[in-house]
Amino acid sequence: MPLEEQRIGTLVKVCGVRSTEQARRALDAGADAVGVVLAAGSPRQVSPAEAREIASVAGKRAVLVFTGQDAIDPELLRTWPGALQIHGPRTDPGRRCILAGPIEADPRSEGWARPSARLIDAPKAGSGQAWAW
(Lines give C-alpha, C1' and ligand atoms only; values in the text may rest on other atoms or scores of the structure.)
Protein backbone atom coordinates (compact mmCIF):
# COMPACT_ATOMS: atom_id res chain seq x y z
CA MET A 1 0.00 0.00 0.00
CA PRO A 2 1.48 3.41 -0.90
CA LEU A 3 2.76 5.48 2.00
CA GLU A 4 0.14 8.21 1.53
CA GLU A 5 -2.73 5.68 1.82
CA GLN A 6 -1.66 4.37 5.22
CA ARG A 7 -3.40 6.23 8.01
CA ILE A 8 -2.68 4.22 11.15
CA GLY A 9 0.03 1.84 12.21
CA THR A 10 3.74 1.51 12.06
CA LEU A 11 5.64 2.42 8.94
CA VAL A 12 9.13 1.12 8.28
CA LYS A 13 11.60 3.49 6.64
CA VAL A 14 15.11 2.28 5.87
CA CYS A 15 17.16 5.43 6.20
CA GLY A 16 20.59 6.26 4.83
CA VAL A 17 20.04 4.61 1.45
CA ARG A 18 22.94 5.57 -0.82
CA SER A 19 22.22 3.81 -4.12
CA THR A 20 19.40 2.64 -6.36
CA GLU A 21 20.38 -0.97 -5.59
CA GLN A 22 19.99 -0.38 -1.84
CA ALA A 23 16.63 1.31 -2.44
CA ARG A 24 15.35 -1.60 -4.53
CA ARG A 25 16.50 -4.14 -1.95
CA ALA A 26 14.88 -2.28 0.94
CA LEU A 27 11.58 -1.85 -0.90
CA ASP A 28 11.60 -5.44 -2.16
CA ALA A 29 12.15 -6.59 1.44
CA GLY A 30 8.97 -4.79 2.50
CA ALA A 31 10.08 -1.33 3.63
CA ASP A 32 7.36 1.30 3.29
CA ALA A 33 9.89 3.99 2.43
CA VAL A 34 13.58 4.72 2.01
CA GLY A 35 15.34 7.73 3.50
CA VAL A 36 17.77 9.65 1.30
CA VAL A 37 20.03 11.81 3.47
CA LEU A 38 21.17 15.24 2.34
CA ALA A 39 22.02 16.38 5.88
CA ALA A 40 25.49 17.91 5.85
CA GLY A 41 28.08 15.99 7.81
CA SER A 42 26.17 12.71 7.83
CA PRO A 43 28.23 9.65 6.89
CA ARG A 44 25.19 8.62 4.81
CA GLN A 45 24.94 11.93 2.92
CA VAL A 46 24.41 11.72 -0.83
CA SER A 47 24.67 14.41 -3.48
CA PRO A 48 21.53 15.98 -4.98
CA ALA A 49 22.22 14.04 -8.20
CA GLU A 50 22.43 10.74 -6.29
CA ALA A 51 19.24 11.64 -4.42
CA ARG A 52 17.40 12.22 -7.71
CA GLU A 53 18.63 8.88 -9.03
CA ILE A 54 17.38 7.04 -5.94
CA ALA A 55 14.04 8.88 -6.17
CA SER A 56 13.70 7.71 -9.78
CA VAL A 57 13.57 4.14 -8.42
CA ALA A 58 11.63 4.71 -5.18
CA GLY A 59 9.15 7.35 -6.37
CA LYS A 60 6.73 8.51 -3.66
CA ARG A 61 8.37 6.08 -1.25
CA ALA A 62 11.57 8.16 -1.23
CA VAL A 63 11.87 10.44 1.81
CA LEU A 64 14.33 13.34 1.52
CA VAL A 65 16.09 13.81 4.90
CA PHE A 66 17.76 17.10 5.81
CA THR A 67 18.15 19.63 8.60
CA GLY A 68 16.72 23.12 8.87
CA GLN A 69 20.22 24.52 8.47
CA ASP A 70 21.09 22.67 5.25
CA ALA A 71 21.15 24.64 2.01
CA ILE A 72 18.90 22.58 -0.26
CA ASP A 73 18.26 23.31 -3.94
CA PRO A 74 14.69 24.69 -4.08
CA GLU A 75 14.10 22.82 -7.35
CA LEU A 76 14.95 19.52 -5.64
CA LEU A 77 12.47 20.31 -2.85
CA ARG A 78 9.79 21.34 -5.33
CA THR A 79 10.11 18.25 -7.52
CA TRP A 80 10.83 15.61 -4.87
CA PRO A 81 8.23 12.85 -5.39
CA GLY A 82 7.92 11.70 -1.77
CA ALA A 83 7.83 13.28 1.66
CA LEU A 84 10.37 15.65 3.16
CA GLN A 85 11.82 14.75 6.57
CA ILE A 86 13.11 17.87 8.27
CA HIS A 87 15.22 17.89 11.43
CA GLY A 88 15.37 21.12 13.37
CA PRO A 89 13.73 24.49 12.84
CA ARG A 90 12.72 25.39 9.31
CA THR A 91 9.81 27.18 7.74
CA ASP A 92 6.90 24.91 6.91
CA PRO A 93 7.40 24.05 3.21
CA GLY A 94 3.65 23.91 2.63
CA ARG A 95 3.73 20.31 1.41
CA ARG A 96 3.75 16.79 2.81
CA CYS A 97 6.51 16.57 5.37
CA ILE A 98 7.72 14.68 8.38
CA LEU A 99 8.98 16.90 11.17
CA ALA A 100 11.70 15.06 13.07
CA GLY A 101 13.28 15.86 16.39
CA PRO A 102 13.57 14.98 20.05
CA ILE A 103 10.45 14.03 21.96
CA GLU A 104 10.28 17.37 23.81
CA ALA A 105 10.25 19.46 20.59
CA ASP A 106 6.96 21.24 19.89
CA PRO A 107 6.34 21.74 16.15
CA ARG A 108 3.91 24.60 16.85
CA SER A 109 6.65 26.62 18.56
CA GLU A 110 8.68 26.34 15.35
CA GLY A 111 5.95 27.85 13.16
CA TRP A 112 4.42 24.61 11.89
CA ALA A 113 0.65 24.53 11.69
CA ARG A 114 0.62 20.75 11.50
CA PRO A 115 3.24 18.50 9.96
CA SER A 116 1.98 15.48 8.01
CA ALA A 117 3.81 13.27 10.50
CA ARG A 118 6.11 13.49 13.50
CA LEU A 119 9.24 11.39 13.81
CA ILE A 120 10.62 11.13 17.32
CA ASP A 121 14.38 10.83 16.92
CA ALA A 122 17.37 10.54 19.20
CA PRO A 123 18.67 13.73 20.84
CA LYS A 124 21.30 13.81 18.06
CA ALA A 125 19.51 12.71 14.88
CA GLY A 126 20.68 9.48 13.34
CA SER A 127 23.23 8.84 16.10
CA GLY A 128 21.52 5.94 17.80
CA GLN A 129 21.97 7.86 21.06
CA ALA A 130 19.36 6.87 23.65
CA TRP A 131 16.97 9.30 25.29
CA ALA A 132 17.35 10.09 28.99
CA TRP A 133 14.33 7.99 29.97
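Mentor: Gladly, and let's begin with contacts. Among contacts in the chain between residues at least 6 apart in sequence, 32% join residues at least 24 apart; contact here means heavy atoms within 4.5 Å.

Trainee: What should I keep in mind about where these values come from?

Mentor: This is a predicted model, so local features need pLDDT of at least 70 and side-chain atom pairs count only at pLDDT 80 or more, while totals for chains, interfaces and linings use all residues. Residues are numbered from 1 along each chain as its sequence is written, and side-chain values use heavy atoms, with hydrogens and water left out.

Trainee: How many helices and strands are there in the chain?

Mentor: The chain has 3 helices and 6 strands, in the order β-α-β-α-β-α-β-β-β from the N terminus.

Trainee: Why is Gln 85 called buried?

Mentor: Buried means under 20% relative accessible area, exposed over 50%, and partly exposed in between, with a 1.4 Å probe and protein chains only. Gln 85 has 2% relative accessibility, so it counts as buried. This residue lies in strand S4, residues 84–87. In the chain as a whole, buried residues make up 37% of the 133 residues.

Trainee: What makes the pairing of Gln 85 with Lys 13 a polar contact?

Mentor: The two side chains approach to 2.9 Å. A polar contact is a pair of N or O atoms within 3.5 Å; within protein, one must be able to donate a hydrogen and the other to accept it, and residues adjacent in sequence count only if both atoms are side-chain atoms. The 2.9 Å value therefore meets the distance limit.

Trainee: Which residues touch the most other members of the largest nonpolar core?

Mentor: Of its 23 residues, they are Val 34, Leu 38, Ala 51, Leu 64, Phe 66, Trp 80 and Leu 84. Helix H2 (48–58) and strand S3 (62–67) are among the elements that each supply at least two residues, and H2 gives the most, with 4. A second, separate core of 7 residues includes Val 37, Val 63, Val 65 and Ala 83. A nonpolar core is a set of buried Ala, Val, Leu, Ile, Met, Phe, Trp, Tyr and Cys residues joined through side-chain atoms within 4.5 Å.

Trainee: How do you know that Glu 21 and Arg 25 meet in a salt bridge?

Mentor: A salt bridge needs a side-chain nitrogen of Lys or Arg within 4 Å of a carboxyl oxygen of Asp or Glu. Their N to O value is 3.0 Å, so the pair qualifies. Being 4 residues apart in helix H1, they are separated by about one helical turn. Glu 21 is partly exposed at 47%, whereas Arg 25 is exposed at 58%.

Trainee: What does the bridge between Arg 52 and Asp 73 tie together?

Mentor: Their closest N and O atoms are 3.2 Å apart. Arg 52 lies in helix H2 and Asp 73 in the loop between S3 and H3, so the pair ties together parts 21 residues apart in sequence. Arg 52 is partly exposed at 35%, and Asp 73 is partly exposed at 35%.

Trainee: How many salt bridges does the search of the whole structure find?

Mentor: It finds 3, including Glu 75 with Arg 78 at 2.8 Å, N to O.
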